[in-house]
Amino acid sequence: MRGVVQVAGVRSVAEARMLMGLGVDQVGIPLRLAYHQPDVTEAQAVSIAEALGRDRAVLITYAANPHEIIELCQRLPVGWVQLHGEVAPQTIAAVRQAVA
């Protein structure tokens with residue numbers, strides 16, 4: 001079985017490309033966090049996700065509103081979303097259906 005390596009908190013396209021060159025499978029881009037400001041703006045996040053491609057870019061968020069999460073997934077070209085914090089089951093179901 002082959003494992004997956006994901007690195008979170010990337011701050012630039014150059015850093016994302018360097019991580020891909022090291023064999024990292026996915027890169028997490030934290031946005032709309034509960035505990036501090038994100039490391040990048042949403043515009044920078046779009047650039048990073050575009051450079052990585054949908055199969056390698058992961059949105060990481062503490063957002064709990066399904067509409068907000070879905071909108072972020074549509075704005076950023078990501079193939080994955082990682083939810084943190086208290087997220088209602090119906091939110092998870094709505095996000096799953098929208099990004100399927």
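Mentor: What follows takes the sheet and then the helix pairs, setting values against definitions. The model is predicted, so local features need pLDDT of at least 70 and side-chain atom pairs count only at pLDDT 80 or more, while totals for chains, interfaces and linings use all residues. Residues are numbered from 1 along each chain as its sequence is written, and side-chain values use heavy atoms, with hydrogens and water left out.

Trainee: What makes β3 and β4 a pair of strands?
Mentor: Two strands pair if DSSP finds at least two bridges between them, and strand β3 (residues 57-61) is joined to strand β4 (residues 80-83) by four bridges, with the strands running parallel. Leu 83 in β4 is the bridge partner of Thr 61. From β3 the chain crosses through α3 to β4 in a right-handed β-α-β crossover, a term used if, with the strands pointing away from the viewer, the path from the first strand over the helix to the second runs clockwise. Helices (H or I, at least four residues) and strands (E, at least two) are DSSP runs, numbered from the N terminus.

Trainee: Which strand does β3 pair with over five bridges?
Mentor: That strand is β2 (residues 26-31), which pairs with β3 in the parallel sense, and Leu 31 stands opposite Thr 61 in β3.

Trainee: Why are β1 and β4 said to stand at the edges?
Mentor: The open sheet has four strands in the order β1-β2-β3-β4, with parallel pairing. Because β1 (6-8) and β4 each have a single partner strand, one side of each is left without a neighbour in the sheet. The twist from one strand to the next averages 25°. Helix α3 packs on this sheet, touching β2, β3 and β4, and its direction makes about 155° with that of β3; angles run from 0 to 180 degrees between N-to-C directions, and axes are lines fitted to C-alpha atoms, for helices over the stretch in contact.

Trainee: Why is α3 called roughly parallel to α4?
Mentor: Two packed helices are described by the angle between their axes and the distance between the axes. The axes of α3 (residues 66-75) and α4 (residues 89-99) come within 9 Å and cross at roughly 25°. That makes the two helices roughly parallel, since angles under 35 degrees count as such, over 145 as roughly antiparallel, 65 to 115 as roughly perpendicular and the rest as oblique. Their crossing is right-handed, meaning that the near helix is turned clockwise from the far one by less than a right angle.

Trainee: How do you know that α1 and α2 are roughly parallel too?
Mentor: Helix α1 (residues 13-21) and helix α2 (residues 42-52) pack at an angle of about 30°, with their axes 9 Å apart, and they are therefore roughly parallel to each other. The contact (heavy atoms within 4.5 Å) is made by Val 13, Ala 16, Arg 17 and Met 20 of α1 with Ser 47, Ile 48, Ala 51 and Leu 52 of α2.

Trainee: How far apart are Met 20 and Leu 52 in sequence and in space?
Mentor: They are 32 residues apart in sequence and 8.1 Å apart in space, C-alpha to C-alpha.
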